[in-house]
Every structure is written in C-alpha cells, then in structure tokens.
Amino acid sequence: MENFLNVGAFLADAHPGFSVESGVCKERPYIQRALSLSVSPCLGGEIPEVRVWHWPERKTGWIRFMVFLIVGLLMVLRLVGELVLSALNRAEVRRHAAQPPPGAAAIMDQATYEKAAAYTLEKSRFGVITELFDALVLALVVFGGFLPWLFARVAAWGAPGAMWDDALFIFIAGLLLSIPGLPFEWWSQFRIEEKFGFNKSTVALWVSDQLKNLMLAIILAFPLLWALLSLVRWAGPTWWLWGFGLFFGFQLLMAVLARRFIVPLFNKMTPLPEGELRAKLLALADRTGFRAQTIEVMDGSKRSSHSNAYFTGFGRFRRIVLFDTLIAQLTPDELAAVLAHEIGHYRRGHIPKMLAVLAAGLFAGFGIVAWLAQSEWFNMAFGFPAGEVAPAFLMFGLLGGLVTFWFTPVMNFFSRKHEYEADAFARDAMGGSEAMIGALRKLAQKNLTNLTPHPWFSAFFYSHPTLVERERALAAG
Ligand SMILES: [Zn+2]
C-alpha cells in the first residue's frame, strides 16, 4: 500500500520540492511522510446537525450494488493502466537491450547500459507483483467489511460526540493498511537495490526508520486528524473550509520546520566545508541571485549510493541540498551546473506554482469529502453510519487515488516543463550546456537510469524528461 499514515491520497507526495534526477531519491519520502503539528484539544460543544440526504429504504441494495460496481471498475481500470504501461516499457527496454540506440554509447559503456536495462526490468517486474498485491489488499479492505467493524469497535471507546476515537479509527486503519506493504519495501531495499550495489542501509537502520515514521505519525498525524474532526463539531457545515486551511497551513509549516525537527531524525545535514568548491558554488549562487548563506550536504550514502540534489522550502526557508554521493561523483563544474539547475527552480517561481496546485487539490479534496460525508449513499454503501465524517474521509483517502491516478500525466507534464526551464536556466548561468550535460550523464550512469523508456510510459510517469530529451533541449537553446 501507499504509506497511508499520510492520511489523504494527495498528501502522500504533496510536499513541494524539486530534484535534479527522477525516481531514485529514497531519502526525501521519509521527510515527506511526516505530518506537522497543529494540536488543538477537543473543542467541545454541541454536535452540529449534519444534513444528510436520505434515500428510500428499498433503494439501498441498488445503491450499494452501483457503488461497488463503479469502485470495482475504477480499480480494474487503474490496474490495467499500470500493467499495460509497464509491459510496454519492459518490451521497449528489451528491444533496445539487444541494440542500444545510437546516442547511448556517448552516455554509458555497453556493460553499464546492459546493467541499467537489467535493473529497470527487475524493478518493473517487481512493480507488477506489488501492484497486483496492492489491488488485492485494497479490494479486500474496501469490500470485505473490516473497516465498518473496526469503526464500530473504536467508536465505542469514546463518549458519544467525542472526536478522538474517530481520529483513532482513521489512525489505526492507516497503520494496519501500511503493514502489508512493509515486506515489499524490505525486498526492494535488501534484495533488488542490494543486488545492483545501491543498498547501503542495514536491517537495524531500516527498522529504526520505520519506528521513527510511526513515532512521527503518532506525534503529528493523530493530533492533526483529531483537530480536523473537532472542526466538524466546532464549525458545522463549513468545517471543510477550515479543514482545508488547517491542512494547507500545516503543509507550509512543515516546509519551514522539517529541516530543524524532522530531517535530523533521519539524516545528518552539514554545511559544505570551506574550500574551493564552496567558494565556487557560493559565487554562482550570488551571481544568479540566490543569496545563499550555506549549501547543505546530506549523508545520503547512509542508506543508498543513489545520488541526487534537491530544492525545497520558500522565502527565507529555501534551501538547496546536495547528497554526499553526488559530491563524490561530479566535478566542481558539474556540481555548479546542478546547483544552477536548483536555483533555476527558485528563480522561475516553481515552488509558489506547486503550492498553488497543492492548495487547489486540497480545496477540491475537502469539498468532495464534505459532500460525500453528507451524502447518505456513500457511507451506507461501504457499511458505515450516514453523516459520519471520519469514515468518509478514510474512504476518500483509500479510493481517491483511483481517480487522481489519471491526472498523473497532467501533473508530470507541468513538472517536466519546470525541469526544462531549470535546465535552460543552468545553461545560461554556466555560459554553455557542457557542464549540465556532463552532470546529467554521470547521474544516469551512477544511478543506472533507463535510457530508453517507452514514450507512453515516460509521458505518464516521468516527473523529469528523459536524458535524451534534456540533452536535445539543452543543445537547441
Ligand atoms: Zn529539477
């Protein structure tokens, strides 16, 4: 399962940020997973009347059948979409494995190219098993009657009208649903990543990461849920507007506080030490209007030899982070180009744009949850009491991805547009494209990037253009 402690489908990867390389950064999700604090004790007061649209009794069986049919259909559609795209991608990789494209020789030698193809195929085949398993778990959970049973149990612990027990229900459900995915995460890290020489983590570190995630969820996600559900009592029918404000404010707070309170739980951040490299990079930052006091280095090598760099935060809290693995792999000029790329994201205003999209998504999401919660048919179809917000919220979190999946290519289209803009900024800042191309090629070699994804697969899933596309754009400008 996706890590459900995030509470909502779009919170999962919503924390805005940009990286130079796609799909390989394993460290940032740990940061993103955590939810920020906004503790508000139960606000008390009367339970507002939630207006519920009642259906005639005889129609309930029919409505239940229709909802199950539509949800089942959406599940099958997404699964087929995922499987077809990944099968096309594997076929494309195999086709080129026998005969690499003409440009590939300039990027990586034959042995590396073959290893990258094998790595891509192995991850893709494992992805098929993961997707089938996830779909099975989701179908069992949604249709199996477990969640209404859990809701009845947990809701009985609190006094009538209490909200902490409703929050606890969502929390426990999220926790239980994240367990089936753990063996898959373990296999991916200690079998596949290990086999291709990327894994630097240990079982002890992996277990401690999971426990820290759990601790953060208890400290941050549970109070946030409690505060949200308390808003339902406090604000009445307009609760979802306040809920939107609470969650969005929480995201902004996270962007500011994560560096101090969350990141250090998982990684050591150190300022780039004094020396030629630091002087060069700070001079570049000055020249391009970033005005950095420091450039931070993250000990990514603690878990993986994958390399990356990213830009996150806004205003005074903006920061650029380079992985120690990246510094070991690139020349000073190439590192400067990567830094210029990240500064490009800042100078072109990509973070405010992403925040606006996030806000729009959250706003729509909360509006839909409020509408679903007051629509009797929705809760009833899944076996929950009508008018309860907590089950509607949970079901939306579980099922929302079936719909938002189809918006993935739209989001990635704009993400790739931002990457082209950042690349062009880097080229102009460096006075040519050689350093940026050199950096991208090394990143592709060291991370065993697939050079020949199927065009439909990359259009759908890639947040960054392919290396060939990026080089073409860099050369054209
Ligand atoms: Zn980027």
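Q: Hi! What share of the contacts in the protein chain with a separation of 6 or more comes from residues 24 or more positions apart?
A: Hi! In this predicted model, 79% of those contacts in the protein chain join residues 24 or more positions apart.

Q: Ok, and how many helices and strands are there in the protein chain?
A: The chain has 20 helices and 5 strands.

Q: What percentage of the residues count as buried?
A: That would be 38% of the 477 residues of the protein chain.

Q: Let's look at the inside, then. How many residues are in the largest nonpolar core?
A: The largest nonpolar core has 49 residues. Inside this core, A167, I170, L225, L229 and L394 have the most contacts.

Q: Which helices supply at least two residues of this core each?
A: They are α5 (146–155), α6 (164–178), α8 (203–235), α9 (239–261), α10 (263–266), α14 (350–373), α15 (376–381) and α16.

Q: And which helix gives the most to this core?
A: Helix α8 does, with 13 residues.

Q: What about the second, separate core, how many residues is that?
A: The second core has 47 residues, including Y119, I295, V321 and A444.

Q: Switching to helix packing. How is a pair of packed helices described?
A: By two things: the angle between the axes and the distance between the axes.

Q: Great, so at what angle do α2 and α16 cross?
A: The axes of α2 (residues 60–98) and α16 (residues 389–404) cross at roughly 55 degrees and come within 9 Å. Because of that angle, α2 is oblique to α16.

Q: Is the crossing left-handed or right-handed?
A: Helix α2 passes α16 in a left-handed crossing.

Q: Which residues meet there?
A: On the α2 side you'll find V71, L74, M75 and R78, and they meet L399, L402 and V403 in α16. Sorted by class, this contact has 6 nonpolar residues, 1 charged residue and no polar ones.

Q: Now α11 and α13, how do their axes cross?
A: The axes of α11 and α13 (residues 332–347) cross at roughly 35 degrees and come within 10 Å. Here α11 passes α13 in a right-handed crossing.

Q: Which residues make that contact?
A: Helix α11 brings E276, L277, K280, L281, L284 and A285, while α13 brings P332, L335, A336, L339, A340 and I343. By class, the contact has 10 nonpolar, 2 charged and no polar residues.

Q: How far is A91 from H454?
A: Their C-alpha atoms are separated by 8.2 Å, and A91 and H454 are 363 residues apart along the chain.

Q: Which counts are behind calling R291 exposed and L448 buried?
A: R291 has 9 C-beta neighbours inside 10 Å, so R291 counts as exposed. L448 has 22 C-beta neighbours inside 10 Å, and a residue with 20 or more is buried, so L448 counts as buried.

Definitions and conventions: Residues are numbered from 1 along each chain as its sequence is written. This is a predicted model: local features need pLDDT of at least 70, side-chain atom pairs count only at pLDDT 80 or more; totals for chains, interfaces and linings use all residues. Axes are lines fitted to C-alpha atoms, for helices over the stretch in contact, and angles run from 0 to 180 degrees between N-to-C directions. Helices (H or I, at least four residues) and strands (E, at least two) are DSSP runs, numbered from the N terminus. Angles under 35 degrees count as roughly parallel, over 145 as roughly antiparallel, 65 to 115 as roughly perpendicular and the rest as oblique. A crossing is left-handed if the near helix is turned anticlockwise from the far one by less than a right angle, and right-handed if clockwise. Two residues are in contact if their C-beta atoms, placed from the backbone, lie within 7 Å. Ala, Val, Leu, Ile, Met, Phe, Trp, Tyr, Cys and Pro count as nonpolar, Asp, Glu, Lys and Arg as charged, and the others, Gly among them, as polar. A nonpolar core is a set of buried Ala, Val, Leu, Ile, Met, Phe, Trp, Tyr and Cys residues joined through C-beta atoms within 7 Å. A residue is buried if 20 or more other C-beta atoms lie within 10 Å of its own, exposed if 12 or fewer, and partly exposed in between; C-beta atoms are placed from the backbone.
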